[in-house]
Structure formats: structure tokens, C-alpha cells
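Here is a friendly walk through one structure, written for someone who likes to look at packing and backbone geometry. Keep the viewer open as you read.

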Amino acid sequence: MIKKDKGAWVWVPILYFTQGLPYVLVVTVSVIMYKKLGVSNEDIGLYTSLLYLPWVLKPLWSPFVDLKSTKRKWFLVMQLLIAIALLGVGLTLPTNMFFTTTLACFWMAAFASATNDIASDGYYMLGLTEKKQSFFVGMRSTFYRLAMVTGEGLIVVLAGFLENKYGDNSKAWSITMTAAAFLMLLLTVSNFFATPKYETSGDVLLEKPKSFLEVFKSFFDKPNIGIALAFILTYRLGESQLVKMAAPFLLDSPEQGGLGYSTEQLGTIFGTAGVIMLSIGGILGGILISRDGLKKWMFPMILSLNLPNILYAILAITKTTSIIAVTATVVFEKFGYGFGFAAFLMYLIYVAEGKSKTSHYAIATGFMALGMMLPGMISGYMQEWLGYGGFFVWVVIAALPAVFLMKFIKYPADFGKKTKASDD
């Protein structure tokens, strides 16, 4: 058996960048793509939010990842499947039935991505000691978010450049998604060479749970699980709606209440201004939790995740199109997200503690995905009803339930804190 923590500085960044890229392509870049191809906000909010469903339901098949083969084999196969699905999106975009066919390919990518998450997270908890898990949570979150910035930034900039070059949005996005498929293939190959073989098939069989029902029962038998799940469902209640309508807001014309930005401008803002602050926020969050424990930083991190949303409301109400104001909004939002999400990841790791960590973490993140899917499904209708200004005010208010529930969740104050004694 290979010693824990081996090569983590190499495989953690690559593995979580690979985990983040298909996610952002499926649930965020698809929003921008469909908006530029003329799909309505209502349909965008509804159908792209339904793409969260594999992440919601992944606990149903997560025991298979515990029971069959190794985590490493699982995520390598799933990453290859994602590359094939993205290629399908690129090839079917120029057709008359593009909305149906691309949604089907995105569904395939979403299923594979959700399964990849199960295996990758299980590998993370298997391959690292608890001390290193808390230390690397900032890097893990950062590279996951860097992948999202790559999707929202570089890939969207490429699409915008091709839109201008060809004057054909369909062709531009077809080429872009094909390029994304080849990037995914390259990352799969990188993970093949970067990740050590911590498991063997024999190890999996020796550690497997007795039955699927036992896995689920042991999760829901955890102390205070009801409050914990309510907190998980509401932690990103505001963001789940903002993430669906932020891009349409920037892309829509001023007559429609938007800011009238181009695809290329949108990608440039997210891909340049966001990346540095996102990295700082994520790394700082992990370091502070590692130093002081989760309890001290939970409330500040919840605030940092949600308070920047006020700036979107100000932009919408004042109809400010200033590039400085928009960029500042993105900068604060990205830093706040990187900083605030570190606490959420660490809390999910705490909830998954005990036997069957992989499956329990999958169940916890399934509830997290449900908390993203349901509000996101109605986000387009809320935006049409309230207008962009009223909608973003509502997004700010949606942060309150998590702040209230924070008082009732229980976990060790020093959970995730780096100890002086080495546990290597």
C-alpha cells in the first residue's frame, strides 16, 4: 500500500480541476450557450437546473463505487465518458434539433460527472490524512473554482471570439464545445499519470459495506442529521439562483433590464478579474480553517459567500454598465465564493465522517445539489416576475435561512484544525 499524502501537491490540483470543468460546462456554460442561441430565460432556468438531477441522485449509485473496482478506475472511465459527451454536444449543435440533442449529451456528461465526483472525493479522503484533508481543502476548492473560471472565462471568450469571426453563434459554439471535449481528454490522460494507486480490488472487497440499505441507514442515523441536511440545502440558496441569471443579466440588452455585454466581454471579466481573487479566497479559507478550526470561521465564510450578491442588486437597480463597477462586482463575488465555499466543503467532510465515507459524502453532496436544483428551476420565472433588480434583492434575502440554521448545527469547534503532532 502506498503511503498516504504521496504526491498530493500534484494530483489534488489536477483531479479537482478535472472535477470542476465538466460541472461548469454542464450547469453554467450551457446557460450562456443557450442564451446566445435564443433560448428563453424560463427554459434556461428550468432545463439547465434539471441537469443537476444526477448530482442529486448520485447517492443511489454511490455504493457501487464503494463496492466495485477502485476509485481511481472509476474516475478515469467517467472522465473519458465526459469527453465523449462534450464531443456529442459540439457535433450536434448545428442541427435543427440542437436543444434536444445537446440536452441529451449534457445529461450524459452530468451523469458521468456526478459519478466522477463520488470517486474523486472518495479517493481524496482515502489518499490523505485528516490533517492533509483540511490543509488541501483550500487548494482543492481553488482548483475546482479555477476550472469554473476556465469554463466561464477562457472557453466563453473563445466562443465570443468565434462568434465575431464567423457571425454564426451555432458554428462558434460547436467549435468551442468540441475544443472543450479535447481539453477534457487531455485532463483524463494527466490524471492517469498523476494519481497513485492507493487501492487494489482486494482492498475494496475487504472494506465494502454489507448492503446498500446499511449505507443509507447509517447516514440518516447520524446525530442531528435533520438540521445538518437543512443547513446543506440552504447554504447556497441565493447562489443557486444567481448563478442561473447572472450571465443572462450581463448579456441581455438594457431594454430588457440587462447590461448589454458581449459574450467575449463576459468571458474576459470572469476569466481575468475573477481568477486571482478566487484563488486567494480559496487558499486563504483552507489555511484559516487548518489553523483555527471550522467553528471560528463558519459565520464569516457564510457572510463572504452571500454579501457580494448585494453588488449585483445595485448594478441591476442603478442599471450601471461601467466596466469598473461590473468587474469590481465579479472580483468581490469570486473572492467571497472561494473563501466561503471552503467552510462548506469542510462541513461536508465532517458530515461524511465514519464508515462508508465515500457513499456518505455522496449523499451529503446530493442534498447540496438538490439545494441548487430546486431554486434554480424557478430562477428564470422569478426573474421574469420581479425583473433583474427585484430578483437580485430576492437572492440577497435568500441567504438568511443558512445564517439562522448555523446556530443549531453541531460539529467539533476544532474540526479540520492542524495539530502539532504529526499524524502521518
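## A glycine inside a helix

G281 sits in helix α13, which covers residues 263-292. The model is a predicted one, and in it G281 has a relative accessible area of 0%, so this glycine is buried. What does G281 touch once its neighbours within four places in sequence are left aside? Its contacts are F335, G338 and F339.

## The nonpolar core

The largest nonpolar core has 134 residues, and the members that touch the most others are W11, Y124, F231, M298 and Y347. Helix α1 (residues 8-36) supplies the largest share of this core, with 17 residues.

Not counting residues up to four places away in sequence, Y347 touches A228, F231, I232, L294, M298, I409 and Y411.

## Aromatic pairs

How many aromatic pairs does the structure hold? There are 31. In one of them, the ring planes of Y16 and Y124 stand at 85° with the centres 5.6 Å apart; an angle over 60 degrees counts as edge-to-face, so this pair falls in that class. Y16 belongs to helix α1 and Y124 to helix α6 (residues 98-127), so the pair links distant parts of the chain, 108 residues apart. Are these two tyrosines buried or exposed? Y16 has 1% relative accessibility and therefore counts as buried. Y124, at 0%, counts as buried too.

F391 and F392 form another edge-to-face pair, and both of these phenylalanines are buried. The table sets out the geometry of the two pairs.

| Aromatic pair | Centre to centre | Angle between planes |
|---|---|---|
| Y16 and Y124 | 5.6 Å | 85° |
| F391 and F392 | 5.3 Å | 65° |

Now turn to helix α2 (residues 41-50) and helix α12 (residues 237-251). These helices pack at an angle of about 145°, and their axes are 10 Å apart. The crossing of α2 past α12 is right-handed. On the α2 side the contact uses N41, G45, T48 and S49, which meet K244, M245 and P248 of α12. Sorted by class, the residues in this contact are four polar, two nonpolar and one charged.

## Positive phi in two loops

Finally, a look at the backbone. Which phi value does N224 have? Its phi is near 55°, a positive value in a residue other than glycine. N224 lies in the loop between α10 (212-220) and α11 (225-234). With a relative accessible area of 42%, N224 is classed as partly exposed.

K319 is not a glycine either, and its phi is positive at about 55°. The loop that holds K319 runs between α15 (309-318) and α16 (323-351). The relative accessible area of K319 is 54%, and exposed means over 50%, so K319 is exposed.

Definitions and conventions: Residues numbered from 1 in each chain as written. Predicted model: local features only at pLDDT ≥ 70, side-chain atom pairs only at ≥ 80, totals over all residues. Heavy atoms only, no water. Axes fitted to C-alpha atoms, helices over the stretch in contact; angles between N-to-C directions. Helix = DSSP H or I, 4+ residues; strand = E, 2+ residues; numbered from the N terminus. Left-handed = near helix turned anticlockwise from the far one by under 90°. Contact = heavy atoms within 4.5 Å. Nonpolar A, V, L, I, M, F, W, Y, C, P; charged D, E, K, R; others polar. Core = buried A, V, L, I, M, F, W, Y, C linked by side-chain atoms within 4.5 Å. Buried < 20%, exposed > 50% of the residue type's maximum accessible area, 1.4 Å probe, protein only. Phe/Tyr/Trp six-rings, centres within 6.5 Å; stacked < 30°, edge-to-face > 60°.
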